[in-house]
Amino acid sequence: MRLQSIPLALLAMFTVASVASAQSDQRLPVDIYNFLRVEYDDNVYTTGEGVAADKVESFKIIEQLELLFDTERNNTYFGVNYSPSFVYYEDRPDDSSDLNHQLDLILNQQISRRTKLQVKDTLRRAEEPGLVEDDVQIRKNNDFFYNSLNANVETQVVPEKTSVRVDGRYAVMRYDEDDVADASDYDQLTGGVDLIQVLAPNTTASGQVRYTTLDYETSFRDSDSVQVGAAFSKIFNPKFQADLRGGYEYRTADNAVEQDSHSPYVDGSLVFLPARDTRLTVGAGYSQDKSPVNTFALQRRARVYGSFSRPLSAALTLNLTGSYSMGDFDADDATTLYDPATDTDGDETVLQFSSRLSYQVTVRNWIQASYQYTELESDVRPDSDFDRNRVSLGWKYSL
Amino acid sequence: MKDLYKIFTTLLLPAALVFSTPQAFAQDGESEPTEETESQSITQGEAALILARRLGFFVGTTRPMDQQNAVKVLMENNIRPFDGWKVNDPLTVGDLARLLVQSMNRENEIPEEDQSNPDTTAYRDLLEREYGLNLEKIVASLRRTGSSKDPKGTGPLDDTASSDPLEGRSGEGDVDELGGGSPVNLNTPLSEEDIQAVLTSTAPAQGGGSSGQVDDDADDTTPSSPTP
């Protein structure tokens, strides 16, 4: 982003927020939040020790708007969440700013007494510049566009007891830089059917089938897969809820050493409400998943995650989240690009942790302090190993 | 292009300064935002009118149905927020809990030391204990919590949150990764929709209202409104 665009972008966003505030006496059906924060980032390019470049640290100013709109008329509900953010780096060579966008849409339509339709769309646009040092490209430009469109129709075959739901999803990932796009652009199309049975007022079970086709720009990681399984959800009491999903997946990858692979999958989560306003969520899962490198068609990944939220006082709230995943890359899943002389199979682990304290100064103003840690260690792409710390302090207010 | 940029910034800068939000710093109390600058929050005066109507205080009277008379009739029945009625102030969750308990003639069950404490949860606890009415959950279910901003890493580390290929994370991006949105607590201002949703969940006993007993089968574990 050019230097002249920085004040323009900042002023434009602030003016949108200000004018909307001035118009608020007309009771626009829009909620507006503004979040301004200063952040210290010790690794803005996510570089690791194995590359010929030092970590670049920088302070950042992040200005983020959130515009929330929803409306409900008769049998139709429509909601929009749009959040642009502008990031200015005090010390990032060559490109000192990013402009990112997040857009979420949802439409719920009650077609009849027994049938409903839902459509959701998720769009992300982010800038992630490359890093060149001493005429060596350490990291390529990763600016990307991502969109996921979901739709489902659910109908009660037996009222309040048995339902059938048909789902569809179309997701695309597009990178701006040609080299990166050639390797990593993909289209994913998924169709699914669920047969849902209410076993008791707080208990449901369902049989599920999923079919997914995954096409990359270059076909090394293309695959088709079928999942067959079941899901179970139960609210034991107002303070405890559990969800479980499991089954078997069959995957075909034409460019892998072993073209056909199969594996069980499982996902489980528990939600506890141990005290008033306190929420604890823990979960774990295992499944075959997309591969981040084109030397392997897939990975088998296990993950655990958790989150905790609790008010420390009437105005002070603490949020903690964390996740750990380990992916296994087997030589049988290698693609035709895999070269035993230079590539290796193995594991890849990702660790993420974040914490946030929110203090409500007035009914419209919050002060937020946060810390985030991210770490990647990989046998299959060791040059991508990194760790990153980010600390921020910000002011959030609603208009 | 340069001229256009200068004109644009020349117009934008004073507009931003003029319309910038000093009212965002308004403190609770005397300098609270006026109705002219109030956004989505319902004021105490507006809430008084809704509550007085629902309680039937205007039935059979010749009083004009307006905020002033609504406040008067509620005060006559010892129904008031912690700091008294301030018609232009936003109504909070804590105040609504108190108003509902008072309208049900059950304030005598609240400890005396809590009856004047705005930070108390006693009113809210009574509503949940006796009527299964959790105000925060009702209000939170009406709010967008920003749950779409799932925690995510830097760069294309992981775009799946589940084994289900119909679910996926929102992609990558170096923006607020913590999600969660703003918490709903005692000081959260309420909108008209919040008030209506709460009043629909209970029928306080007074005036021309019903028995005031919330349905014993009320399910407070499942949000009643779709959320994005």
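Helices (H or I, at least four residues) and strands (E, at least two) are DSSP runs, numbered from the N terminus. In this predicted model, local features need pLDDT of at least 70 and side-chain atom pairs count only at pLDDT 80 or more, while totals for chains, interfaces and linings use all residues. Residues are numbered from 1 along each chain as its sequence is written, chains are lettered from A and ligands numbered from 1 in the order in which they are written, and side-chain values use heavy atoms, with hydrogens and water left out.

Chain B holds 7 helices and 0 strands, so that, read from the N terminus on, its elements run α-α-α-α-α-α-α. Of the 228 residues in chain B, 51% are buried, where buried means under 20% relative accessible area, exposed means over 50%, and partly exposed lies in between (1.4 Å probe, protein chains only). Helix H4 (residues 93-103) of chain B is largely enclosed by the rest of the structure, because 11 of its 11 residues are buried. Among them are B:Val93, B:Asp95, B:Arg98, B:Leu100 and B:Ser103. H4(B) is followed by B:Asn105, which has a positive phi near 60°. In helix H5 (residues 122-131) of chain B, the buried residues are B:Ala122, B:Tyr123, B:Arg124, B:Leu126, B:Leu127 and B:Tyr131, and the helix is followed by B:Gly132, whose phi is also positive, near 65°. An α-helix has 3.6 residues a turn, so residues three or four places apart point the same way.

In chain A, two loop residues can be read side by side. A:Thr46, in the loop between strand E1 (30-41) and strand E2 (58-73), has a positive phi of about 50° although it is not a glycine, and A:Thr46 is buried, with a relative accessible area of 12%. A:Glu160, in the loop between strand E8 (144-158) and strand E9 (162-175) of chain A, likewise has a positive phi, near 65°, in a residue other than glycine, but A:Glu160 is exposed, with a relative accessible area of 63%. A:Glu160 and A:Val198 are 38 residues apart in sequence, and their C-alpha atoms are 7.3 Å apart in space.

Over all chains the structure holds 22 salt bridges, each being a side-chain nitrogen of Lys or Arg within 4 Å of a carboxyl oxygen of Asp or Glu. One of them joins A:Asp176 and A:Arg125, at 2.7 Å from N to O; this pair links distant parts of the chain, 51 residues apart, with A:Asp176 in the loop between E9 and helix H2 (178-184) and A:Arg125 in strand E5 (residues 115-126) of chain A. A:Asp176 is partly exposed, with a relative accessible area of 40%, and A:Arg125 is partly exposed as well, with 24%. Another salt bridge, of 3.6 Å from N to O, is formed by A:Arg303 and A:Asp267, which lie 36 residues apart in strand E16 (residues 298-311) and strand E14 (residues 260-272) of chain A respectively, and both are buried. A:Arg300 pairs with A:Asp333, the closest N and O atoms being 2.6 Å apart. A:Arg300 is buried, with a relative accessible area of 17%, and A:Asp333 also counts as buried, at 3%. A network of salt bridges links A:Glu154, A:Arg165, A:Asp167, A:Asp194, A:Arg210, A:Arg245 and B:Asp164.Inside the protein there are 8 cavities of 30 Å³ or more. On a 1 Å grid over the protein atoms alone, a cavity is a set of points where a 1.4 Å probe fits but cannot get out, and lining residues have an atom within 4 Å of a point; grid points are joined across faces, edges and corners, and a volume is the space filled by probe spheres set on the points. The largest cavity has a volume of about 200 Å³, and of the 19 residues that line it, the closest to its centre are A:Gln188, A:Arg251, A:Gln288, A:Asp289 and B:Pro165. The elements that give two or more residues to this lining are E11, E12, E13 and strand E15 (279-290) of chain A, with the largest share, 4 residues, coming from E15(A).

Conventions
On a 1 Å grid over the protein atoms alone, a cavity is a set of points where a 1.4 Å probe fits but cannot get out, and a pocket is an open set with protein on both sides within 12 Å along at least five of seven lines; lining residues have an atom within 4 Å of a point.
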